[in-house]
Amino acid sequence: MTQFPKGFLWGGAVAANQVEGAYLEDGKGLTSVDLLPTGEKRWQVMTGKVDSLKPVEGEFYPSHEAIDFYHRYKEDIALFAEMGFKALRVSISWARIFPNGDDAEPNEAGLQFYDDLFDEMRKYDIEPVVTIAHFDVPVHLIEAYGSWRNRKLVNFFETYAKTIFTRYQDKVKYWMTFNEINMLLHLPFVGARLVFDEGENELQIKYQAAHHQLVASALAVKAGHEIIPDAKIGCMLAAGTTYPYTSNPDDVAKAMERDRESFFFIDVQSRGHYPGYAKRFFRDNDLKIHMEENDEELLKNHTVDYIGFSYYSSRTTSTDPEILKDITDGNVFASVANPYLKASEWGWTIDPKGFRITANQLYDRYEKPLFVVENGLGAIDKLNADGTVDDDYRIEYLKEHIAEMGEAIEDGVDIIGYTSWGPIDIVSASTGEMKKRYGYIYVDRDNEGKGTLKRSKKKSFDWYKQVIASNGEKL
Ligand code: BGP
């Protein structure tokens with residue numbers, strides 16, 4: 001049985017737009033995620049194929065109310081505390097602080113909300129772990145500047161980061177710059193709020209936007225360390241190792257390249273420079289990344305303190321056109337089906353051992369502490385008459401994954417914490433659905449936004465409580 005390190009940060013993770021609601025309250029501006037409707041349309045927006053930047057009458061936007069965490073956070077944090085949480089990962093909504101993104105002054109009511117939120121966590125000795133940007137950008141920055149394709153975003157982000165470091169310097173020690181930064185390549189609207197015009201060179205725009213985020217991230221690390229000397233500032237990768245479908249060297253080389261698409265971001269954030277394979281990729285694709293004079297130095301001097309990552313599944317790739325036809329459903333990383341593994345109801349491959357492999361891969365590569373800031377099973381739950389849910393499938397998933405995380409620790413990997421995704425049911429990022437649930441706590445709300453929002457405990461609630469109480473010994 002693995003001994004998890006003393007002080008291991010057990011807890012859960014959420015994102016502002018998926019829980020808060022109150023989307024225009026107390027001065028908050030409209031953000032990119034507030035424009036994500038449900039259904040087929042959502043996918044079109046997420047992949048950057050939209051022209052409208054205003055909510056459409058009659059369309060349902062789940063983030064506008066979400067699970068009303070904005071007004072109910074005290075009740076929710078009390079429940080997290082009851083489970084024994086040591087940490088809670090939340091994100092700050094950029095547009096609560098700077099409603100337009102380029103405002104001269106921050107919005108005091110927005111700042112106050114997070115002050116209250118962090119105080120509430122501290123009351124129970126729950127360590128706040130804060131993502132500075134979790135898939136959101138003030139809409140004005142998209143309209144007026146074209147979002148992250150524009151270098152100016154770097155400065156707006158830096159101002160935003162400095163503002164929150166200064167304000168919360170006594171309350172928050174763990175920070176992360178961009179959530180799942182590599183998502184930019186797969187879902188450019190989600191990752192960087194990019195919207196493309198017909199015929200544009202999308203690859204060029206994506207990598208230029210990526211460069212801007214990488215510089216912005218380095219500037220945030222710099223500012224964070226200056227303002228909060230003992231801060232731990234990390235990056236955040238949507239991780240998951242890529243397996244070759246066969247031992248054919250072509251498949252193996254392709255798997256290496258797929259992994260590098262993701263490592264690229266962390267290589268820059270953690271090692272401090274663009275890797276050789278990226279330079280080759282830019283050459284081969286005739287991409288020109290515009291850099292300013294100090295950029296390389298900034299990237300070099302302000303690398304991250306830890307590697308935050310999400311792990312839901314491994315990926316599998318092939319060079320065989322026949323095999324490539326069998327792409328698993330709902331998988332943003334376009335993985336082919338792995339014959340050895342099952343998948344979730346949304347087609348996400350379930351691979352606990354892949355978790356151990358991924359953690360080892362990341363640690364071998366970066367030799368920095370790892371923080372598992374997302375992991376979990378999105379599933380359809382059946383509510384019993386007494387308000388409970390028998391979510392044994394969720395317990396099973398988490399048990400197996402935590403056991404493999406333990407194996408990684410036995411392998412010598414330095415893991416400092418584990419915040420499972422969506423400890424309370426929240427809006428799904430990819431589908432906008434409420435029925436894709438991850439929580440230990442059930443929320444009475446459906447896909448159309450109906451329900452009382454009442455919270456109730458699932459079977460997994462007591463299970464996770466015991467995991468934390470035993471520091472991972474009792475799974
Ligand atoms: C990650 C995101 C989260 C999240 C999670 C689960 O990509 O960082 O915001 O929601 O995946 O995805 P989904 O909600 O689509 O099931």
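Asp392, Arg394, Ile395 and Ile402 of α16 meet Lys459, Ser460, Trp463 and Val467 of α17. Two residues are in contact here if their C-beta atoms, placed from the backbone, lie within 7 Å. Helices (H or I, at least four residues) and strands (E, at least two) are DSSP runs, numbered from the N terminus. The residues of this α16–α17 contact divide into 4 nonpolar, 1 polar and 3 charged. Ala, Val, Leu, Ile, Met, Phe, Trp, Tyr, Cys and Pro count as nonpolar, Asp, Glu, Lys and Arg as charged, and the others, Gly among them, as polar.

This is a predicted model: local features need pLDDT of at least 70, side-chain atom pairs count only at pLDDT 80 or more, and totals for chains, interfaces and linings use all residues. Residues are numbered from 1 along each chain as its sequence is written.

How do the axes of α16 and α17 lie? Helix α16 covers residues 392-410 and helix α17 residues 459-469; they pack at about 20 degrees, with axes 9 Å apart. Axes are lines fitted to C-alpha atoms, for helices over the stretch in contact, and angles run from 0 to 180 degrees between N-to-C directions. α16 and α17 are therefore roughly parallel to each other. That term covers angles under 35 degrees; over 145 is roughly antiparallel, 65 to 115 roughly perpendicular and the rest oblique. α16 passes α17 in a right-handed crossing. Right-handed means that the near helix is turned clockwise from the far one by less than a right angle, left-handed anticlockwise.

Turn next to α7 (residues 152-167) and α10 (residues 202-227). Their axes are 9 Å apart, at an angle of about 25 degrees. So α7 and α10 are roughly parallel to each other. The crossing of α7 past α10 is right-handed. On the α7 side, the contact includes Leu153, Phe157, Ala161 and Phe165; on the α10 side, Val215, Leu219, Ala223 and Ile227 are among the residues. By class, the α7–α10 contact has 11 nonpolar, 3 polar and 2 charged residues.

The crossing is right-handed. Tyr73, Lys74 and Ile77 of α3 meet Leu117, Glu120 and Met121 of α5. That contact has 4 nonpolar, no polar and 2 charged residues.

Now the ligand. Around it stand 14 residues, the closest being Ala15, Gly378, Ser428, Ala429 and Ser430. A residue counts as near if its C-beta atom, placed from the backbone, lies within 6 Å. The shell has 4 nonpolar, 7 polar and 3 charged residues.

Finally, the whole chain. The protein chain has 17 helices and 14 strands. Its C-alpha trace spans about 60 × 55 × 50 Å along the principal axes.
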